[in-house]
Amino acid sequence: MAIGRDRIVDEALKVLNEVGIDKLSTRKLAERLGVQQPALYWHFRNKSELLDAINSEMMLRYHSERLPKPGQDWVTFTLANARSIRKALLSVRDGARLTAGTRPSAAEFADVEKVLQLYIAAGFSAEEAFEIAICVTRYVVGYVLEEQGERERQRIDQDAPETDFVKEVTPFPLLAEALAAFHEVGTVNTEAVFESGLGYLIAGMAQRLRAKTSG
């Protein structure tokens with residue numbers, strides 16, 4: 001039975017959400033689709049190519065701020081883009097691990113080109129623009145890796161008693177003071193920490209740009 005590429009990717013995304021990236025296999029996917037594994041290889045030579053396609057589909061569905069809007073400045077776009085990447089990765093089980101191990105498609109290069117144009121128009125060099133795009137993406141992916149890792153731990157240890165971080169760090173006054181600012185219902189407010197880190201990144205970029213223009 002012939003089966004289309006789009007249906008394979010759609011079903012693969014569903015299986016990923018159900019079982020996670022470690023248990024996602026072409027065998028399991030073929031069973032879900034009611035076909036033999038060789039039918040998948042007509043579209044994807046190996047699991048890596050399948051994961052690349054799943055990642056592209058995830059970003060297409062959930063990453064809504066891929067491109068600068070008309071008149072949008074580089075700071076506003078960087079904030080919107082980073083938040084949108086995080087939202088996309090958190091929308092899919094193991095989304096950060098999926099993105100970390102995949103490669104962009106040729107079709108996505110056009111989007112990257114438009115992003116680079118925005119940064120270059122602001123005064124960055126092509127090399128700096130590319131570095132910014134990479135740094136922002138890797139910051140978000142690394143951050144979400146931690147978030148989703150904690151989610152998975154909570155899923156596995158759901159019957160374990162909740163950890164009281166505030167009580168545990170009481171002997172360490174500086175850590176206790178710092179943690180208090182981000183503590184929320186027994187855990188760290190990852191939203192606030194994410195925004196702080198993103199702010200540090202943009203501040204560094206802005207400083208680099210000021211140094212270029214003032215020199």
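## Ground rules

Because the model is predicted, local features need pLDDT of at least 70 and side-chain atom pairs count only at pLDDT 80 or more, while totals for chains, interfaces and linings use all residues. Residues are numbered from 1 along each chain as its sequence is written, and side-chain values use heavy atoms, with hydrogens and water left out.

## The overall fold

Let's start with the whole chain. The protein chain has 11 helices and 2 strands; here helices (H or I, at least four residues) and strands (E, at least two) are DSSP runs, numbered from the N terminus. Along the sequence they follow the pattern α-α-α-α-α-α-α-α-α-α-β-β-α. The C-alpha atoms fill a box of roughly 60 × 50 × 25 Å, taken along the principal axes.

Of the 215 residues of the protein chain, 34% count as buried. Buried means under 20% relative accessible area, exposed means over 50%, and partly exposed lies in between (1.4 Å probe, protein chains only).

UniProt, in an unreviewed entry, gives the annotation "domain: HTH tetR-type" to residues 2-62. UniProt positions are given in the numbering used here, feature names are shortened, and annotations may be inferred rather than shown by experiment. Over residues 2-62 the chain is 72% helix and 0% strand, with its end C-alpha atoms 28 Å apart. The unreviewed entry also places the feature "DNA-binding region" at residues 25-44. That stretch is 65% helix and 0% strand, and its end C-alpha atoms are 13 Å apart.

Helix α2 (residues 26-33) has Thr-26, Leu-29, Ala-30 and Leu-33 as its buried residues. They cover an arc of only 100° around the axis, which puts them on the same side of α2; the arc is that of the directions from the helix axis to the C-beta atoms. As a reminder, an α-helix has 3.6 residues a turn, so residues three or four places apart point the same way. The buried residues of α2 pack against α1 (5-19), α3 (37-41) and α4 (47-62). Just after α2, Gly-34 takes a positive phi of about 75°.

Glu-11 is buried, with a relative accessible area of 13%. Leaving aside neighbours within four places in sequence, Glu-11 is in contact with Leu-29, Arg-32 and Leu-33.

## The largest pocket

The largest pocket has a volume of about 1,200 Å³. On a 1 Å grid over the protein atoms alone, a pocket is an open set of points where a 1.4 Å probe fits, with protein on both sides within 12 Å along at least five of seven lines; lining residues have an atom within 4 Å of a point. Grid points are joined across faces, edges and corners, and the volume is the space filled by probe spheres set on the points.

The lining counts 39 residues, of which Asn-55, Arg-103, Pro-104, Glu-108 and Val-112 lie nearest the pocket centre. Elements giving two or more residues to this lining are α1, α4, α5 (74-90), α6 (95-100), α7 (109-122) and α8 (126-156). The largest share, 8 residues, comes from α4. By class, the lining has 20 nonpolar, 9 polar and 10 charged residues (Ala, Val, Leu, Ile, Met, Phe, Trp, Tyr, Cys and Pro count as nonpolar, Asp, Glu, Lys and Arg as charged, and the others, Gly among them, as polar).

Leu-98 sits in helix α6 and is buried, with a relative accessible area of 1%. Beyond its neighbours within four places in sequence, Leu-98 is in contact with Leu-16, Ile-21, Leu-51, Ile-54, Asn-55 and Met-58. Asp-94 lies in the loop between α5 and α6. Asp-94 has a positive phi of about 60° although it is not a glycine, and at 13% relative accessibility it counts as buried.

Gln-72 belongs to the loop between α4 and α5 and counts as buried at 15% relative accessibility. Not counting residues up to four places away in sequence, Gln-72 touches Leu-67, Phe-77, Ala-80 and Leu-118. Gln-72 and Leu-118 are 46 residues apart in sequence and 8.7 Å apart in space, C-alpha to C-alpha.

Conventions: Contact = heavy atoms within 4.5 Å.
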